[in-house]
Structure formats: structure tokens, C-alpha cells
Amino acid sequence: MKRPLSYRQLILLFFKIGSQAFGGWSSTVFLIENTLVAQFLSKRDLKNLVATSQVMPGPNQVLIVAQVGYRLRGKKAASLAVASYILPSMILTILFSIVYFRVSQYTNLSSYTNGLRAGVSGVIVANGYRIGKSYIQHHYWLWLLVAVAVILQWWLGPGVVIILLVYGLGGLFLGKQLRKSGHA
Amino acid sequence: MLERLLSVMFSMFFISAVAFNGSGQFWFYELGVVRTHWLNPTDFSSFLAFGFATPGPQVYGLATFIGYHEAGVAGALLATIAICTIPCSLAIVVSRYFQKWLQSESIDHFILGVGVAAAGLLVAAGFKLLRSQPTSIYYLVIALGACVLNSKRRVKTIWIIIVSGLLGVLIR
């Protein structure tokens, strides 16, 4: 392994990666692989980090960047890596916010954005479907539980955290039962 | 101004701590649009759409805008910092000290359960957003179209959103 990256190199690298990180977390992993793996990080380590980020709350890409930064040079590097990574998008969003805020004070945007809202709602549902599918696979009866969650959250609001906990514990319990009966 | 900033930051801490398996979009809708009035459905859609157009995580743009809306540029910066703090710290601590625990099968089962819940929550958020629309067959068709095209991942999300937006303006 080469001598560690300087903080300056770290910031520049993650800023670059952060400006190219389109289309989900796999592109970020790809970029990290091309730049850091083999010199500063092993492929196996990266794979473990990715697996960790999938069981944590928050977007995978950011969690991966944080862990990679930490691996490279500790806590300070982790913070710098994350900050540099999200900086491009944050700058763009702040600029957009300023413009948007001004525009929305003069015109009523909602009549222009009906189609956009419809499209976004479809995309969110599709997202839910894809996530469900990736976990449920062929245990089709679990879709019933998805439907139950849809109905329950109506009344619970932020209390939905309880659903998350109950479902999580339910999964744990079911997993234990299946293991006992030899199905695993 | 300070209470608004603190309120935003605490909400960002909360959302970041519970948004498992991609349910961030649900939490931002629930807390940003339904429970508080930081965002209306138009703001939510516009910034989520913008999130698809920018690099990096899509929902962070929502955090940035909420921060900006409540407390200007400082709010935008602090809200964005607040949304990353807990997940990143947690990931580092867990990957450093709890390796064994991560490799246990129980975690996978727990996450599977949470994933099922997250799927339901996202579907609910999509429905809520659609219901905030004026009722019209056209918007329903656009939503369905977007949903079907995006499920198969064959069409890039950003194009689906741009086309939906344009159709909406035309239909008007």
C-alpha cells in the first residue's frame, strides 16, 4: 500500500467523485474502485463496506464514502470525504433553491407542475415496488404485509417507526423459526 | 429563526436515523409535507426531481431546500450537515467495532422485515403525492406510465420526470 493520501488529495478526489455520482450508489462504488482500490483499499474491504451500508439508515453512497474516508485516514478524513462528496450537489441545490424561492413568490407553480407531481409519484411507487421485490423475491405472501404497511401508516404518521420496528423484529423472529425448522 | 433552525435540524436527525432501505422519500414527504408545512407537494416534487438530475443522493436536496426555506443559506448548510451526521457516524462506528454482529444472519432477517415495511411506506408516499393532485385521468395515466417505466429500470428516471413535467404543462 502506498503512503496515505493527503487531505487535499482526498478532498479533490471525493469532490470529483461527487460530481459524477449519477444514477444510484453503484456508480459511486465503481468510481471508488477505479481510483482507490488496489492502491489504498482492498476490493474485499470495499465489498464489506457496501454490505454494511445496506443495513444502515441513510443513502448507501454517502455511507460508503464515509467508511472509505475513515479507512483511509480516520474520522477527519471521513468528514472531509463526505463533505466534498456532497458539496457539488449541495451547491447546485442551494442555487436552485434561491431561484425557485424567487419564482414561486411571483407565480403559482402548482398549476405548471401537475404533470411533474404525477410523474414523481409514479417513480416513488416504482421505487417501493423495486425495493419490495428485491427483499421479497419469491415469498409472495409478504406483499400482503406491504399492503398492511401502506394502510397502517395512514394513521400512524411519524409513529410509523413502530411499524419499522415490528416488521424488523418480525423478520428476525421468522428467520429464527425457519432456521430451527431447518429451512434457513 | 433559531427555533426554526433547530426544529429543522432535529427533524433531519430523526429522518436520517429512521430512513432504512431507501424509505427517505417517504419520511421527507411525511415530515416535510404532511406533518409540518415546510414543503407543499409542488416543492417536494420539484426538489426530488432536481435530486434525480444532480449527482449524489436524491433526497439530500430536500434537506437542503427545507433548511433554506426556514433559515436561509445557513439553514441549507446546517440541514444538509444534519442529514448526514447520524448515518455516517453510525456506519463508521458499526463497521469498526461491530463486525461480528454485521455478519450475523439475524441482521439480514431484520433488514428484510424493515425492507418490506419500507416498500409499503414508499408506495404510500407515492399515493399521497398523487392524491394531492387535481383529479384527472391524464395525471393518473402519467403516474401509471411513470411507475411502469421506472419499475423495469429501462428508462432513466430523469427522462421520465422531464417528460411527465412537459406533458403536464401541455395538458394545462
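Predicted model: local features only at pLDDT ≥ 70, side-chain atom pairs only at ≥ 80, totals over all residues.
- You'll find Asn21(B) in the loop between helix H1 (2–18) and helix H2 (24–35) of chain B.

- Helix H4 of chain A covers residues 60–106, and its end C-alpha atoms are only 38 Å apart.
- A straight helix of 47 residues, at 1.5 Å a residue, would span 69 Å.
- Where does H4(A) bend? Look at Arg73(A), where H4(A) bends by about 140 degrees.

**Where chain A meets chain B**

- Contacts link 80 residues of chain A with 95 residues of chain B.
- Together the two chains bury about 7,900 Å² between them, and 75% of that is on carbon and sulfur atoms.
- Several helices of chain A each give at least two residues to the side that touches chain B, among them H1 (7–20), H3 (43–54) and H4.
- The largest share of that side comes from H5(A), with 21 residues.
- Sorted by class, the side of chain A that touches chain B has 49 nonpolar, 28 polar and 3 charged residues.
- How many salt bridges cross the interface of chain A and chain B? The rule finds 0.
- Polar contacts do turn up there: 13 residue pairs across the A–B interface, with both residues at pLDDT 80 or more.

**Salt bridges**

- Side chains of opposite charge can pair when their charged atoms come close.
- Over all chains, the count comes to 5 salt bridges.
- One pair to find in the viewer is Glu33(A) and Lys43(A), whose side chains meet in a salt bridge at 3.8 Å, N to O.
- Glu33(A) is in helix H2 (residues 25–35) of chain A and Lys43(A) is in helix H3 of chain A, so this pair ties together parts that are 10 residues apart in sequence.

**Chain B at a glance**

- What is chain B built from? It has 8 helices and 0 strands.
- Reading along the sequence of chain B gives the pattern α-α-α-α-α-α-α-α.
- The C-alpha trace of chain B spans about 55 × 45 × 25 Å along its principal axes.

Note on methods
Residues numbered from 1 in each chain as written. Chains lettered and ligands numbered in written order. Heavy atoms only, no water. Helix = DSSP H or I, 4+ residues; strand = E, 2+ residues; numbered from the N terminus. Expected span 1.5 Å × (residues − 1). Bend = angle between axes of the 7 residues up to and from the residue. Contact = heavy atoms within 4.5 Å. Buried area = accessible area lost by both parts, 1.4 Å probe. Salt bridge = Lys/Arg side-chain N within 4 Å of Asp/Glu carboxyl O. Polar contact = N/O pair within 3.5 Å; in protein donor to acceptor, adjacent residues only side chain to side chain. Nonpolar A, V, L, I, M, F, W, Y, C, P; charged D, E, K, R; others polar.
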